[in-house]
Amino acid sequence: MIMRRRVTPVRAGAAAAALVLGGAGVLLGAAAGTAQAAEVSFATHCVPPAGVADPIDGTTKVEITAPATAKVGDTVDITWKFVQAASKNPDIIDLPANTVQPSGTIKAAGAQTADVAMQGPRENPAIPKGGDMVLSDMTGSLKLTSPGSVTLTPDAYTVNAYGTDTVCTPSGTVPQAATIEVTGTGSTDSASPSDSTSASASASASPSDSASASASASASASASASDGTGQTDFTGKEVKIPYACKTPIGDKSATSPVQINAKKDGGSFDLTVQFNGSVMDSPADIPADKVKPSMEVVLGGADTGTVHVEGPTNSEAIKTGDPIKIPDLTGTYKPGASGESTLSPGVLTVEALGTTTTCTPTKTEVSLTLDTTEQASGASGSTTTSGGSSSSSSGGLAETGDSSNGALKALGLVAGTAILLGGAVFTFMPKRRTR
């Protein structure tokens, strides 16, 4: 007897379906293209914020991932992975976790020319002083407009930390990192190179989300301030101010991001000046109530003069390794003229244990514009002090002891202490007593 094996229709159908699905999967994979990753190295020149460190020449190693094949009209995702950044964290401060954000540009060339804006999240492990910079992966997208080979080459990138930028630019020839073979016919007009360039410029100008939000809020505030809608809260634009500083140990230069906000109170305005990202770890113990900052806000436009704002002294002792913060500076602006009045950061003073550092802007910029109404005894042509009284020359610092030993011991505690203002370092070093 010949035994015949019966194949059920259900199983045959399932096998056929599996073959169909498998074939569809193969075809789908071919259409989407296989992702390719290539590592390239290039010489890089990095310029840190003024006053932080000297320019650095190093080598950047990156891995660029993109599809190997695609079609005209596709939007492809591109990933930039940092294998090695060109510079290390300077020997100034420890960078806490999630304080560093990279942004940059990839050059597309060949069948299509474009600048692809790349940006990564503000995600990083804690980076110690002198440690390797660990940067998050950056991503971007490119809409393909023409058939042919499109090459991808990494270009300049920016590292943002505490509101300051370190700009790294290729100093030599950069090898191509990936090539996308684009199939199809014709071209699309919806994604021109200028669109990508515009996006790149936007990312470069605003590497941090908070800076973009501040600028947007500032524009809204300025408009509302003059439209008579009854707005009471006004958010200023963050501006980077270069300072020339006179310190106890000589002249220093510094650049710091500053933002001036206001809240309307009757005919006057309560001001708050913020040094965004003004943080560092203290290299020495500092007693409580020993550091006090103040500033003269410069008026312009319809009004003239200055407004005195000041911050509190440190309420608690600062131990070695703990962060030093510049607190919000507050004061009251009583307008001396009617019209559009501007507010800009002015002279900054930091007093610590009897020593004074005075920083004068070498170039200033308007942070906030307000629609003001003249008030009796207003600020026009004069200086207005916060709360009706000005701080004394000692800055309200507590006495440190008798003039022979107590003060000298207290000064010894702050020897070598540095205050970071938006990436610029001022060092307070007491003079040695002459024997």
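**Reading the packing**

Modeller: Leu152 touches Ala66, Ile78, Ile106, Lys107, Ala108, Leu142, Gln176, Ala177, Ala178 and Ile180, leaving aside residues up to four places away in sequence, where a contact means heavy atoms within 4.5 Å. This is a predicted model, in which local features need pLDDT of at least 70 and side-chain atom pairs count only at pLDDT 80 or more, while totals for chains, interfaces and linings use all residues. Residues are numbered from 1 along each chain as its sequence is written, and side-chain values use heavy atoms, with hydrogens and water left out.

Biologist: Which residues have the most contacts inside the largest nonpolar core?

Modeller: In soluble globular proteins, nonpolar side chains tend to be buried together. A nonpolar core is a set of buried (under 20% relative accessible area, 1.4 Å probe, protein chains only) Ala, Val, Leu, Ile, Met, Phe, Trp, Tyr and Cys residues joined through side-chain atoms within 4.5 Å. Here the largest has 40 residues, and Ile78, Trp80, Leu142, Leu152 and Ile180 have the most contacts inside it. The largest share of this core, 5 residues, comes from β8, strands being DSSP runs of E, at least two residues, numbered from the N terminus. A second, separate core has 32 residues, including Val273 and Leu343.

Biologist: Is Asp165 buried or exposed?

Modeller: Asp165, which lies in strand β9 (residues 164-170), is buried, with a relative accessible area of 18%. Its side chain makes polar contacts (N or O atoms within 3.5 Å, one able to donate a hydrogen and the other to accept it) with the side chains of Asn160 (2.7 Å) and Lys240 (3.4 Å).

Conventions
Buried means under 20% relative accessible area, exposed over 50%, partly exposed in between (1.4 Å probe, protein chains only). Helices (H or I, at least four residues) and strands (E, at least two) are DSSP runs, numbered from the N terminus.
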